[in-house]
Amino acid sequence: MAAALPPAQRMEFYREIGTPTEETISGVLRRWRLRIHLYRRPDPGERMLREHKDETRPGLPATAALRAATEARGGER
């Protein structure tokens, strides 16, 4: 697990992995596994901005969703 972490996070990992009890070790490992998963992904904010610019973001733009909702109500405001 440590090898998958950015160097700045490894010492924190080693500190935490050395202190848990038998009852808490699975929680510590689970938390670090999730962190590794997040470190491997690009920054969600950057990804969302790129998807927005490329128009590949899933879902409807807010203006389109509002227009559809207004039309569904019969054009009322």
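The following conversation goes through the predicted model of this protein chain.

Biologist: What are the ground rules for this model?
Modeller: The model is predicted, so local features need pLDDT of at least 70 and side-chain atom pairs count only at pLDDT 80 or more, while totals for chains, interfaces and linings use all residues. Residues are numbered from 1 along each chain as its sequence is written, and side-chain values use heavy atoms, with hydrogens and water left out.

Biologist: What is the mean pLDDT of the protein chain?
Modeller: The mean is 78, and 70% of the residues reach 70 or more. pLDDT is the predictor's confidence in each residue, from 0 to 100.

Biologist: Turning to α1, which of its residues are buried?
Modeller: In α1, which spans residues 7-17, Gln9, Phe13 and Glu16 are buried. Buried means under 20% relative accessible area, exposed over 50%, and partly exposed in between (1.4 Å probe, protein chains only).

Biologist: Why are they on the same side of α1?
Modeller: They cover an arc of only 65 degrees around the axis, which puts them on the same side of α1. The arc is that of the directions from the helix axis to the C-beta atoms.

Biologist: And what does the face turned away from the buried side carry?
Modeller: That face of α1 carries the exposed residues Pro7, Met11 and Arg15. As for the buried residues of α1, what covers them includes α2 (25-40).

Biologist: Which residues make up the largest nonpolar core?
Modeller: Six residues do: Ala2, Leu5, Phe13, Val28, Trp32 and Ile36. Helix α2 gives the most to this core, with three residues. A nonpolar core is a set of buried Ala, Val, Leu, Ile, Met, Phe, Trp, Tyr and Cys residues joined through side-chain atoms within 4.5 Å.

Biologist: What does Trp32 touch?
Modeller: Not counting residues up to four places away in sequence, Trp32 touches Met1, Leu5, Gln9, Glu12, Phe13 and Glu16. Contact means heavy atoms within 4.5 Å.

Biologist: How many aromatic pairs are there?
Modeller: The count is two. One of them joins Phe13 and Trp32 edge-to-face, at 5.4 Å centre to centre and 80 degrees between the planes. This pair links Phe13 in helix α1 with Trp32 in helix α2, 19 residues apart. Rings of Phe, Tyr and Trp (its six-membered ring) pair if their centres lie within 6.5 Å; planes under 30 degrees apart count as stacked, over 60 as edge-to-face and the rest as tilted.

Biologist: Are Phe13 and Trp32 buried or exposed?
Modeller: Phe13 is buried, and so is Trp32. Ring pairs link Phe13, Tyr14 and Trp32 into a cluster.

Biologist: Now the charges: how many salt bridges does the count come to?
Modeller: Two. A salt bridge is a side-chain nitrogen of Lys or Arg within 4 Å of a carboxyl oxygen of Asp or Glu. Glu12 and Arg35 form one (3.3 Å, N to O). Glu12 lies in helix α1 and Arg35 in helix α2, so the pair ties together parts that are 23 residues apart in sequence.

Biologist: And what of Arg31 and Glu16?
Modeller: Their side chains also meet in a salt bridge (2.7 Å, N to O). This pair links Arg31 in helix α2 with Glu16 in helix α1, 15 residues apart. Arg31 is partly exposed, at 36% relative accessibility.

Note on methods:
Helix = DSSP H or I, 4+ residues; strand = E, 2+ residues; numbered from the N terminus.
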